[in-house]
Amino acid sequence: MSKHSPFILFQHLVPQHGLSRLVGSLAASKIGLVKNTFIKTFANRYDIDMSIALEENLTAYDSFNDFFTRALKDGVRVIDATPDAIVSPADGAISQLGRISGDDIFQAKGQSFSVKQLIGDQTLAAPFLGGEFATVYLSPRDYHRVHMPFAGRLTDTLYIPGELFSVNGTTAQHVEGLFARNERMVCLFDTAVGRMAVVLVGAMIVAGIETVATGKAKPTGHIEHQKHDLNLAKGAELGRFYLGSTAVVLFEPNQVKWLETLTADSTVVMGGKMGVLINH
């Protein structure tokens, strides 16, 4: 499929933010007929497993947004408590993971993106050069809250405006620098093994990104850098997406090792072991 395929061309031509705002207004609606139709259609289309949701009744949700960011029942996801375990921040599938080559993060065959562009600040990005990354793709049917891969103190968030391309595999193969071009929320932490980043990347029809520190991001058209001092345990909720997207996790060099069993397209669940600390 070339970059001029109908799907890729559509994404270049469509008013991405306008479409997302339109869907966002529908997703926030509390009108019974609107929200129930939207929820039921979506649940059927993507075969959503409501048996693991804290609230199983589709019509009990106040809006589609409430349904989409639904909580899970206690015990459905167990956080790996092993002290040296790095856990998946979300339910989804590995898009890519491995070592960062200098400033370049592997996106897909023939494509990469820049750590500096992803983080949006050269100084804040510097610790991750040559480090490790894992990109987790959340499909529409997945649980859409993002959690801490490892315990840390949130020091900075950067809301970075950008485009809203889809983040599925097809688009990742054909849109250069995808994850560093899309709208995103960068969360930076001090941890026992140095700096860690969790980047929540927006996508086509994503109506919003929210974190526990910032609330729902309010797009201003420019980078919004905030300082924080918030300790979060491994597995604690960090944020959520209003419609599907991707989380990118970064560590400094020589601190973590990803499980050898994980490759592109491997399924992961929030709290499941994704890697281990090196020599700790």
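## Sheets, ring pairs and confidence in a predicted model

Eight strands make up an open sheet with antiparallel pairing, in the order β12-β7-β8-β9-β14-β5-β2-β16. Its edge strands, each pairing on one side only, are β12 (224-232) and β16. Strands here are DSSP runs of E with at least two residues, helices are runs of H or I with at least four residues, and both are numbered from the N terminus. Two strands pair if DSSP finds at least two bridges between them. Strands of a sheet pair through backbone hydrogen bonds, either parallel or antiparallel.

The model is predicted; local features need pLDDT of at least 70 and side-chain atom pairs count only at pLDDT 80 or more, while totals for chains, interfaces and linings use all residues. Residues are numbered from 1 along each chain as its sequence is written, and side-chain values use heavy atoms, with hydrogens and water left out.

### Overall content and confidence

The protein has eight helices and 17 strands. Of its 280 residues, 52% count as buried. Buried means under 20% relative accessible area, exposed means over 50%, and partly exposed lies in between (1.4 Å probe, protein chains only). Among the contacts in the protein with a separation of 6 or more, 77% come from residues 24 or more positions apart; a contact means heavy atoms within 4.5 Å.

The average pLDDT, the predictor's confidence in each residue on a scale from 0 to 100, is 85 for the protein, and 81% of the residues score at least 70. Over residues 6-19 the pLDDT stays under 50, and the model has 30 contacts beyond four places in sequence for them. Residues 167-174 also have a pLDDT below 50, with 31 contacts in the model beyond near neighbours in sequence. Where pLDDT is low, the predicted coordinates should not be read in detail.

Strand β5 (residues 132-137) pairs with strand β14 (residues 246-251) in the antiparallel sense over six bridges. Within this pairing, V136 has A247 in β14 as its bridge partner. V136 is also one of the residues touched by G92, along with Y137, D142, S266, T267 and V268, when residues up to four places away in sequence are not counted.

G92 belongs to strand β2 (residues 92-99) and counts as buried at 9% relative accessibility. Although G92 and T267 are 175 residues apart along the chain, their C-alpha atoms are separated by 5.9 Å.

### The three-stranded sheet

An open sheet of three strands has antiparallel pairing and the order β1-β17-β15. Its edge strands are β1 (85-87) and β15 (256-258), each of which pairs on one side only. Direction ignored, neighbouring strands of this sheet are turned by 35 degrees against each other on average; the axes are lines fitted to C-alpha atoms, for helices over the stretch in contact, and angles run from 0 to 180 degrees between N-to-C directions. Three bridges join β15 to the antiparallel strand β17 (residues 273-277), where G275 stands opposite W258.

### Aromatic rings

Rings of Phe, Tyr and Trp (its six-membered ring) pair if their centres lie within 6.5 Å; planes under 30 degrees apart count as stacked, over 60 as edge-to-face and the rest as tilted. The count by this rule is nine aromatic pairs. The ring centres of Y61 and F67 are 5.8 Å apart and the planes stand at 75 degrees, so this pair is edge-to-face. Y61 is buried, with a relative accessible area of 8%, and F67 is buried at 0%. Ring pairs link F38, F42, Y46, Y61, F64, F67 and F68 into a cluster.

### Positive phi values

Most residues other than glycine have a negative phi, and most peptide bonds are trans. D47 has a positive phi, near 50 degrees. D47 is found in the loop between α3 (32-45) and α4 (64-68) and counts as exposed at 56% relative accessibility. The phi of D265 is also positive, near 80 degrees. D265 is found in the loop between β15 and β16 (267-268), and at 65% relative accessibility D265 counts as exposed.
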